[in-house]
Amino acid sequence: MKYTYEEIINKTLTGTSTIIKRTDENGLIAWIPTDPANSDYQRYLNPEAEQSTPPVIE
Amino acid sequence: MATSPNYGWLEPDNTDLVKNGALAIRTLGNAIDTTMATMTPKSTVTTKGDLVAATAASTPARLAVGNNGETLVADSSTSTGLRYQANFAAGKNAIINGDCRVAQRGSSVINASTGYFYGAVDRFQGYSYANNTCTVSQQAFTAGAAPVAGYEAPFFVRISSTSTASFLSYRVEDARTFANTATTFSFWAKSASAQTIQIGASQNFGSGGSATVSILSATNVAITTSWARYSVTFTPASISGKTVGTSSYVVFEWVGAASNNLDIWGVQWEASNTATAFQTATGTIQGELAACKRYYQVKNTTASGAWAIGQANTTIGAIAPIQFEAQMRVAPTIVLGTAGKASGQSSFLTAAAAFPTTVGTHSVVGFSTYGFELDGGSYGASTFVAGNATLLYANDVQTVYTASAEL
């Protein structure tokens with residue numbers, strides 16, 4: 001699945017936040033927090049990581 | 001000659017002559033010696049709490065006392081058939097949803113893009129190799145056909161793929177889990193046609209952590225067309241000296257043949273030298289659902305109705321704080337349902353059951369592990385009175401959001 005990403009700065013009830021807007025090939029939109037523990041954010045930072053994750057059994 | 005009442009040792013009669021006394025005493029002494037040689041000496045036990053256990057028929061041996069709090073369990077692999085085991089009061093099974101009951105994504109997830117994807121059964125992943133189609137689905141047992149009589153599980157997980165390099169996978173949060181401890185990984189399985197699959201496991205130390213360590217190298221398991229339980233005992237590597245990064249995990253994989261359905265149920269990973277009776281991680285249906293929602297949750301409506309309360313922050317928009325049904329592992333990725341007035345869509349209302357003339361767009365503007373803020377913007381001019389409350393209303397059945405904090 002190929003994604004396009006867009007960084008968005010939003011106003012919140014308490015201030016502002018940066019959010020990643022991810023759109024897939026089918027137009028489905030996902031909102032990703034800029035949290036290093038979020039695996040989708042990790043993939044945004046390093047798109048090849050998931051593809052190169054070595055299987056346990058090769 | 002008389003005999004002793006318990007062991008039958010020969011003794012002189014009361015009327016025997018004194019001249020035979022020495023022989024009688026020696027005969028009695030030898031008999032006692034023979035009997036005593038069959039008994040366990042006191043020196044067998046050396047420490048407070050030691051037990052005497054048999055290593056074979058008529059072969060007693062010392063079983064050293066265990067550590068405080070440990071329990072004694074049967075284990076045929078030890079010399080005495082017994083061993084002490086650390087007592088885990090809760091969470092024996094590190095596999096959440098091991099009985100495959102929770103399936104928040106529906107009954108089937110099909111993927112044809114290279115990479116991992118979460119399947120229909122919560123916590124279980126598929127891996128599609130080279131864009132081959134891989135399906136992970138929840139299947140129902142025929143009543144009475146579940147592999148453990150009395151448990152009568154309702155569902156199992158099935159993987160089918162068009163590539164031998166695609167596989168079923170499961171991630172246990174935290175690479176520290178059971179490190180340097182004897183463990184047993186067990187599961188029931190069957191296959192459309194008999195095949196030898198491979199299972200394996202590794203510690204993944206997460207973002208910023210040490211390199212991945214294999215803890216269970218590829219192990220062949222011959223699967224038949226009937227349900228049977230399989231297990232492998234191994235000790236995950238010590239994590240001493242390792243850097244545990246963000247979102248670390250232990251991953252298991254089942255790799256089977258292409259175009260040959262592989263069915264799995266009753267997955268258990270426990271700190272034990274043997275596979276003990278299967279039990280779910282939490283012990284209850286609701287507990288398993290809540291545990292799954294730490295990683296993924298979906299909110300569906302079952303009919304038209306308000307599903308959140310917001311406040312108009314401008315005349316053309318409103319914000320609604322949405323609370324998750326269970327706290328999530330990390331701030332999750334959110335996918336919202338469609339904004340609109342039509343069936344299967346959601347909108348903020350301008351008054352009781354009154355949709356605005358023009359529905360705007362919905363986005364997410366804040367995250368936490370407890371919830372998120374849904375922002376409705378670009379509604380029609382003068383739709384709202386800023387500061388007023390407004391209901392977020394679902395028109396008919398729909399998924400209003402999904403939240404993913406998966407590993």
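Modeller: Gladly! Let us start with strand 18 (residues 262–270) of chain B: nine of its nine residues are buried, so strand 18 is largely enclosed by the rest of the structure. Buried means under 20% relative accessible area, exposed over 50%, and partly exposed in between, using a 1.4 Å probe and protein chains only. Strands (E, at least two residues) and helices (H or I, at least four) are DSSP runs numbered from the N terminus.

Biologist: Before going on, what are the ground rules for this model?

Modeller: This is a predicted model, where local features need pLDDT of at least 70, side-chain atom pairs count only at pLDDT 80 or more, and totals for chains, interfaces and linings use all residues. Residues are numbered from 1 along each chain as its sequence is written, chains are lettered from A and ligands numbered from 1 in the order in which they are written, and side-chain values use heavy atoms, leaving out hydrogens and water.

Biologist: Which strands pair with strand 18 of chain B, and in what sense?

Modeller: Two strands pair if DSSP finds at least two bridges between them. Strand 11 (residues 155–161) of chain B pairs with strand 18 in the antiparallel sense over three bridges, and B:Val157 has B:Ile264 as its bridge partner. Strand 13 (residues 183–191) of chain B is also antiparallel to strand 18, over seven bridges, with B:Lys190 opposite B:Asp263.

Biologist: How do I read a helix, say helix 2 of chain B?

Modeller: An α-helix has 3.6 residues a turn, so residues three or four places apart point the same way. In helix 2 (residues 285–293) of chain B, the buried residues are B:Gly287, B:Glu288, B:Ala291, B:Cys292 and B:Lys293. They pack against strand 19 (296–301) of chain B; contact here means heavy atoms within 4.5 Å.

Biologist: What caps the N-terminal end of helix 2 of chain B?

Modeller: B:Thr284 does, with a side-chain oxygen 2.8 Å from the backbone nitrogen of B:Gly287. A polar contact is a pair of N or O atoms within 3.5 Å; within protein, one must be able to donate a hydrogen and the other to accept it, and residues adjacent in sequence count only if both atoms are side-chain atoms.

Biologist: Is B:Ser166 buried or exposed?

Modeller: B:Ser166 is buried, with a relative accessible area of 3%. Its place is in the loop between strand 11 and strand 12 (167–173) of chain B. A polar atom of the B:Ser166 side chain lies 3.2 Å from the backbone oxygen of B:Tyr127, and a polar atom of that side chain lies 3.0 Å from the backbone nitrogen of B:Tyr129.

Biologist: And what surrounds B:Leu336?

Modeller: B:Leu336 lies in strand 22 (residues 333–336) of chain B and is buried, with a relative accessible area of 15%. Leaving aside neighbours within four places in sequence, the contacts of B:Leu336 include A:Trp31, B:Phe372 and B:Tyr401. B:Leu336 and B:Tyr401 are 65 residues apart in sequence, yet 4.4 Å apart in space, C-alpha to C-alpha.
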